[in-house]
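The following report describes a structure with attention to its chains, selected elements and the contact between chains. Please look at the sequence and the model before reading on.

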Amino acid sequence: MNKPFKPKITLFHCINSFNESASLSLNGANNVEIKTVRLPCSSMVKDVFLLRSFESGADGVLVLVCPEDQCRYVEGSIRAKKRVGWVQNVLDEIGLDGRRLSIRNTSSGNGATTDKILQETVAVLTDLGPNPAA
Amino acid sequence: MIVGEQKPLAEIKEIVGPYRKLLILGCGTCVKTCFAGGEDEVATLASALRLIFKKEGQNIKIEEFTIERQCENEFIQEASEAIGRNDSVLSLACGAGVQAIARRFAKIPVLPGVNTTFIGVLESQGVFTEECSGCGNCELAIFGGVCPITRCSKKLLNGPCGGSRHGICEVSPDTECAWQLIIERLEALGQVHNLRCYISPKDWSSSNSGGPRRLVREDHII
């Protein structure tokens, strides 16, 4: 019998948008493997970091950013959103499917929202299946 | 600077397809500034190509390297070891850089990864505009520093056409009327009298239409 698919997600997040200890309850649920990359601001996420996550075997990449009007560095969330959009197009061109990469706004105190985002990401990845370039 | 744009991924994949060991060679000057071929673009393209080839089950080894300028031998030399380790080079420089590398390494195919677009400036973040056609005979002094040969859609040298509306060219809403800019600039400089000068038809023999150009500086030749 085939082993059930357990998506590997690389999670980039601004340290102000997400509290790892409070929000990674899904790891305990045993249906997902999450690797987190903490960033001082989501604008630090570069195209190549996102692509290399897929090279390293991630089935999906999630970028959690602060709401656009709450970025401490003013434009960080907007910059991250533009980069993610660009890389989504690259993933479509490659044939990996841009839906494997997503960006969502969240804020540190809102664990319930973050859990919901993670569940939605797992659902999308379960539908897409494993990364064909892993 | 020279402004260029990276070729579409599908075209690059097609170009590099026949080779097994590929060096992606970046250029750290003009094309870096316009986000087409600097170190970051080399890394991103290499990663995207590795994903494509892995997905398709092809075993192509990709190496990354960036030098300061691909149009000068002094810098090209720094890449010679990396070039020697590979069976092809994808250059992310402008056309001059690609040819300079090809001239230096006769037995290695040097492939272009960038479409060289124009000589221009960074107008605002992420926006590049063409400012110079390299005509070989600069007359910006008369035109207040605004080039009608490059920036007027009709290349008019003796005043505006009738197609300018509110400072915008009738050819494209994204193009400012060069003659509007020239007149405003000459007014600001107190040189409106320049407009009375008759500019004779342009002698294009100093431009590329006279064939490939060559500049010789005897004082630098030993």
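## Two chains and their contact

Chain A has five helices and four strands, where helices (H or I, at least four residues) and strands (E, at least two) are DSSP runs, numbered from the N terminus. The model is predicted: local features need pLDDT of at least 70, side-chain atom pairs count only at pLDDT 80 or more, and totals for chains, interfaces and linings use all residues. Residues are numbered from 1 along each chain as its sequence is written, while chains are lettered from A and ligands numbered from 1 in the order in which they are written.

Read from the N terminus, the elements of chain A follow the order β-α-α-β-α-β-α-β-α. Chain B, for its part, contains eight helices and seven strands. The radius of gyration of chain B, taken over C-alpha atoms, is 22 Å, well over the 17 Å that the globule rule gives for 222 residues, so chain B is more spread out than a compact globule. That rule is 2.2 Å times the number of residues to the power 0.38. Along the principal axes, the C-alpha atoms of chain B fill a box of roughly 65 × 45 × 25 Å.

The table sets out two values for each chain. A residue is buried if 20 or more other C-beta atoms lie within 10 Å of its own, exposed if 12 or fewer, and partly exposed in between, with C-beta atoms placed from the backbone. Two residues are in contact if their C-beta atoms, placed in that way, lie within 7 Å.

| Chain | Residues that count as buried | Contacts between residues at least 6 apart in sequence that join residues at least 24 apart |
|---|---|---|
| Chain A | 40% of 134 residues | 76% |
| Chain B | 30% of 222 residues | 55% |

The contact between the chains takes 14 residues from chain A and twelve residues from chain B. On the side of chain A that touches chain B, helix 3 (47-55) and helix 4 (76-94) of chain A each supply at least two residues. Helix 3 of chain A gives the largest share of that side, six residues. By class, the side of chain A that touches chain B has eight nonpolar, one polar and five charged residues. Here Ala, Val, Leu, Ile, Met, Phe, Trp, Tyr, Cys and Pro count as nonpolar, Asp, Glu, Lys and Arg as charged, and the others, Gly among them, as polar.

Within chain B, strand 2 (residues 21-27) is mostly covered, with six of its seven residues buried. Strand 2 of chain B runs parallel to strand 3 (residues 61-67) of chain B, and seven bridges join them; two strands pair if DSSP finds at least two bridges between them. B:Gly26 has B:Thr66 in strand 3 of chain B as its bridge partner. Strand 2 of chain B is also joined by four bridges to strand 4 (residues 88-91) of chain B, again in parallel, and there B:Leu25 is partnered by B:Ser91.
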